[in-house]
Amino acid sequence: MGQFFEDPLDRVDGRLKVTGAARYFAEYDLPDMTFAVMATSAITRGKILTIDTKSAERAPGVLDVLTYLNMPSIPGWQSDPSKPAPQAALGGERYRVLGSDQILFNGQPIALVVADSLERAQYAASLIKATYQKASFETDLEKNKDKGQTVRGPRGADYNRGDANAYKTAAVQLEQEYTIPIETHNPMELHGIIASWKGNDSITVYAKTQGVKSTQQSLMNAFKLDQKNVQVFSEFVGGGFGMALRTWPQEILVAAAAKKIGRPVKLVMSRDQMFTMVGYRPFSIQQIKLGSTKEGQLTGLVHEALSQTSSYEDFAEGTVNMSKFMYACDNVATKYRIVPLDIGVPIWMRGPGEATGAFALETAMDEMAYKLNMDPIALRLKNYTETDPERNRPYSSKYVKEAYQLGAEKIGWFKRNPAPRSMKDGEWLVGYGMSSGVFNASRGEANCRAVVKDDGTLLLQSAASDIGPGTGTAMVQIAHEVLGYPVDKISFELGNSTFPPAPSQGGSTTTSTVGSAVHIACSSLKNKIVNLLLEKGGSDYAGKTAADFTFSDGNVRAGNVSVSIASLLKQQNLPALEVTENSKAGPDQQKYSMYSFSIHFAEVRVHPKTGVVRVKRVVTVADSGKIISPKTAASQMIGGVTGGIGMALMEESVIDHRYGRFINNNFADYHVPVSADIPHIDTIFIDKPDPVINPMGAKGMGEIALIGFAAAVGNAVYHATGKRIRELPITPDKLIE
Amino acid sequence: MKEKNPGTEENKGSSRRTFFKQSSAIAALALTPVSIVKASEKGLDEKIASAFEKMPLRVEINSKAYSLEVEPRVTLLDLLREQLHLTGTKKGCDHGQCGACTVHVDGRRVNSCLTLAVTTEGKKVITIEGLAKGEELHPVQQAFIQFDGFQCGYCTPGQIMSAVCCIREGHANDPDQVREFMSGNICRCGAYSNIVDAVMHAKKGGQQI
Ligand code: FES
Ligand code: FES
């Protein structure tokens, strides 16, 4: 596996993407297609008193209008008397789309209009009129801080190591609060689905999903269908960042509508609906309490996080995880609570809770470094640990010291004047900041089918997904390394539920998990080919053993004899050789803690009069094991940094709590970084294989690219200005003097 | 769009007829063949009524002449995507805020979601599907591949169409200028720094853009 860096592969689907030929879910044209548009609730909580759909029904081209009054029943939503009733959400509610007159959040769908053209559906949806009985509601986490509830199950339990109060007696103490507002994934592609039934028991959907198998399972559950009767296609996905990790209720609604009218139905949600119905990063308030010796040895760390969920579903994430294992500290306590509010349910957003937590911890570490008059890197090195203090295991690989050094050198860290507000560039204040990120690395279970054909091609299939990182490119690279086929003869197909099962794309696991399956399938094909030659290859191979065979350029060689695999198949009258292999982690993994790490550096300019912050330079270093596909890996890092700059400086979904409604639910008012906000970004990879995780030695990187980055920016802003901003985003009003 | 479900004709009839009674005589008569007006006033067919609401549109798209009938409310974006199935042009916001729908109209980059299709009468539209010369990619497309100027690819057609004009406008003289003049195209995957490199490379390559 030594050749990865020699020839960085262009994205294998690049040509399709630059010519407009890549097809995303909404771009499949089925005969008799119809178009769905949702009408949504204008109140935040209460119930529908009347809903007038007459003019909508009468509008031209309208085929059906669904409301709670005529919504077909969804078999999987009926309670099953043979099973124990599911536990109610902590907020006590249950949400079924168009299931009743109850309104649980603003923007909840109240009707679905289906018409024969998009414009007709849009117009008809605008004619729906509802009256409501309003009830009081809560959407503001800051006003409901006292309503935190413990998440059920072991993951929600409080964590204690040593003495939780140790920080109180430390020589140097720090106690601070950090706030992060709601952020919305806002992938460029709007969410939605196309659903098409054959008869009453067979459905095909074109979905925007991070997991075709999980969407398939959701549809099987909802409509009580056999697996073979549910097909999910999702070849290209226009970004997800976590929001497509589940099947949302409105997707089931569209499937129900398609069944009812007996024609394919397409729903493409509007941008404002992307704020209310497909999740978000929850608002969070975190407390960090640190105690340290004068020399910078941490003696106590308490991390408490409060986060929002909906009244009808509990959502929890790993916000406090990093504090348990990142630094050597004998006394650590963490607490995590959620508050049910009258708003749609959140979902993991890139980096998820870990990114939320890292902002707090890594800002606090910077604050502590300044209190101690220590360099922030020196403080981290002082508390560096080679074993995971949470689980008392060694890390499978950890090159964080190297990462600090490489990043610091590249950005000129030690050349800066560390005193706050000491550096200037003309009118602008100059600041440097650094931070760390960490995320669980793992290898799940996946399957892959691999076929070599007599036309000289290698086909790989797995029900994996690609929301953008370049799954296909990495898989082709792995297959090339194992089986030696030229990359342009290898195709990797994904996004199809009929392929061998693979998990959803989330939690930075695809390369490790699906890549291992590809690796194993290709190795198994290799064995098949060797055995074929040993058995039927004739005298040339007499006395040879498996170790004598090498593979390159589509050929297999033993000694002086080389034959192309394609011609071998032809000789043997075999159109193809095929295997399907299963891959999962071995027991060895339990002996180690496996994490990917990132170390970020940012250089900022802050304008003292206007409070404008510009990120001038970025260096980000990833310790994510062996890099499979350097080009796409670098893109993932710069993408994470860009998301991190958004999180640090601009992203905030604002609710007017008087009405419970988002007031900036569009791309003009919800600010995401644009080109002018993003500088050149240097990405550095440690690129050393992890010896434990998988045959490639590759850990994940999608999350670590973003995790911690916002703290690097905030720390740089402090260095530039002497002002510590603990409430994201760091907008000019918070800095203006 | 064809009527496919006769079962709902009944419902639609009345509003349709009212519309014709009130407006057909006044405004539409001048524009419409007598036979159609007669047919509709007899309350005949929804198909005819629907044809009546459409306007003729002659437009050249990717060097192909189209003669279409479209409702005046249809945007160029929805015409391309939903009726002509030229789905390379993307919808990201439908409000002129993201640039995913960027196409060229008479050589200028425009947001097709903010452009009513009927306003392109007699004009030349180029979409991402019309940029390459057959198998040969446009230099900007080539540069996007080389510099990995994308991830999910959803913003990419808009970025590329925008970049081509950015260069032609003379707004690609240095990376900062590219950043400024490409800031109408959001990339949520965050490929900007590679996009800037790709645009600068295409510009410096000296090929006809
Ligand atoms: S879809 Fe036209 S600008 Fe966003
Ligand atoms: S490549 Fe995904 S939005 Fe730009």
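**Notes on cavities, a pocket and helix packing**

1. The structure holds six cavities of 30 Å³ or more, a cavity being a set of points, on a 1 Å grid over the protein atoms alone, where a 1.4 Å probe fits but cannot get out. This is a predicted model, in which local features need pLDDT of at least 70 and side-chain atom pairs count only at pLDDT 80 or more, while totals for chains, interfaces and linings use all residues. Residues are numbered from 1 along each chain as its sequence is written, chains are lettered from A and ligands numbered from 1 in the order in which they are written, and side-chain values use heavy atoms, with hydrogens and water left out.

2. The largest cavity has a volume of about 120 Å³, taken as the space filled by probe spheres set on grid points that are joined across faces, edges and corners. Its lining (residues with an atom within 4 Å of a point) includes A:Glu183, A:His185, A:Arg281, A:Arg350, A:Glu651 and B:Arg188. By class, that lining has four nonpolar, three polar and five charged residues; Ala, Val, Leu, Ile, Met, Phe, Trp, Tyr, Cys and Pro count as nonpolar, Asp, Glu, Lys and Arg as charged, and the others, Gly among them, as polar.

3. Of its 45 lining residues, A:Met269, A:Ser270, A:Arg271, A:Asp272 and A:Gln273 are the closest to its centre. Strand β1 (34-40) of chain A gives the most to this lining, with six residues, and α4 (76-83) of chain B is among the elements that each supply at least two; helices (H or I, at least four residues) and strands (E, at least two) are DSSP runs numbered from the N terminus.

4. In chain B, helix α5 (residues 139-146) packs against helix α6 (residues 156-168) at an angle of about 125°, with axes 10 Å apart; axes are lines fitted to C-alpha atoms, for helices over the stretch in contact, and angles run from 0 to 180 degrees between N-to-C directions. The residues of this contact (heavy atoms within 4.5 Å) include B:Phe144 in α5(B) and B:Ile160 in α6(B), and they divide into six nonpolar, three polar and no charged.

5. The axes of α5(B) and helix α8 (residues 192-204) of chain B come within 8 Å and cross at roughly 140°. B:Phe144 is also one of the α5(B) residues that meet α8(B), where the partners include B:Ile195 and B:Val199, and this contact has eight nonpolar, two polar and no charged residues.

Conventions. On a 1 Å grid over the protein atoms alone, a cavity is a set of points where a 1.4 Å probe fits but cannot get out, and a pocket is an open set with protein on both sides within 12 Å along at least five of seven lines; lining residues have an atom within 4 Å of a point.
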